[in-house]
Amino acid sequence: MRHLSTTALRPVLAGLALATVSVVAVYAEEAKSADPALANSLNPNDKTAEVDQPVLDKAKAVKVEDGKYLDADGHPTFHVTDNGKKFDWYSYSGYRRYHAECHVCHGPDGMGSTYAPALKDSLKNLSYEEFIGILVGGKQDVNAAQQKVMPAFGDNKNVMCYADDLYVYLRARAAGAMGRVRPGDKEEKPEAAKKAEKECLGG
């Protein structure tokens, strides 16, 4: 495993950690002196982006590492510039992956459906570790009225190789940093993302 990049290992390690992870504010000092260039520039005219200020504040990027933006807890997050017109690569990739793998059950743009919850709302409360854990192992909500089953995707490379991308996209939706739009402009795909994708897919 030592030959895998940090980007490729992050979702795997989070899945193993699940709820046992205790968050240490390793980036706390950086959070205090975050680069103003990392601040999100949202589109005030996008009425489909329902801004949730506490979620948006918690998701604030304080650091960029190999093209991936990280919050104060070291978890992947989004970065929006040009008045909401330009997104980081992972948000863009997450949008594409979500609509290829997840929207049939969870609805377009994370809005939910009659048989699966709105992930744009779920991500307001789910931690990164919980999200990855559910993605890996699935989830069942069973009661007298209904039975909802989320399948496990731990063996599905088309999902797990892009777990961070999915998380970042849905986190942007939860915070209201991205509305019900296909990202128009995007940052270039980072070399680290290319490497992690190749390693994960076995190319």
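Visitor: How many aromatic pairs does a search of the whole structure find?
Guide: The search finds 5 aromatic pairs. Keep in mind that this is a predicted model.

Visitor: Take Tyr 98 and Tyr 169. Is that pair stacked, tilted or edge-to-face, and why?
Guide: The ring centres are 5.7 Å apart and the planes meet at 45 degrees, so the pair is tilted. Stacked would need planes under 30 degrees apart, and edge-to-face over 60.

Visitor: Where do Tyr 98 and Tyr 169 lie?
Guide: Tyr 98 is in helix H4 (residues 89-101) and Tyr 169 is in helix H9 (residues 163-175). The pair therefore ties together parts that are 71 residues apart in sequence.

Visitor: Buried or exposed, those two?
Guide: Tyr 98 is buried, and Tyr 169 is buried as well.

Visitor: What about Phe 131 and Tyr 167?
Guide: Phe 131 and Tyr 167 form a tilted aromatic pair, 5.4 Å centre to centre with 55 degrees between the planes. Phe 131 sits in helix H7 (residues 128-137) and Tyr 167 in helix H9, so this pair links distant parts of the chain, 36 residues apart.

Visitor: Why does Phe 131 count as buried?
Guide: Its relative accessible area is 7%, and buried means under 20%. Tyr 167 counts as buried too, at 3% relative accessibility.

Visitor: Which residues do ring pairs link into a cluster?
Guide: Tyr 95, Tyr 98 and Tyr 169.

Visitor: Changing topic: what sits over the ring of Tyr 90?
Guide: The charged end of Lys 68, 4.7 Å from the ring centre.

Visitor: And which residue lies over the face of Tyr 92?
Guide: That is Lys 186, at 4.7 Å from the ring centre.

Note on methods: Residues numbered from 1 in each chain as written. Predicted model: local features only at pLDDT ≥ 70, side-chain atom pairs only at ≥ 80, totals over all residues. Heavy atoms only, no water. Phe/Tyr/Trp six-rings, centres within 6.5 Å; stacked < 30°, edge-to-face > 60°. Helix = DSSP H or I, 4+ residues; strand = E, 2+ residues; numbered from the N terminus. Buried < 20%, exposed > 50% of the residue type's maximum accessible area, 1.4 Å probe, protein only. Lys NZ or Arg CZ within 6 Å of the ring centre and 35° of its normal.
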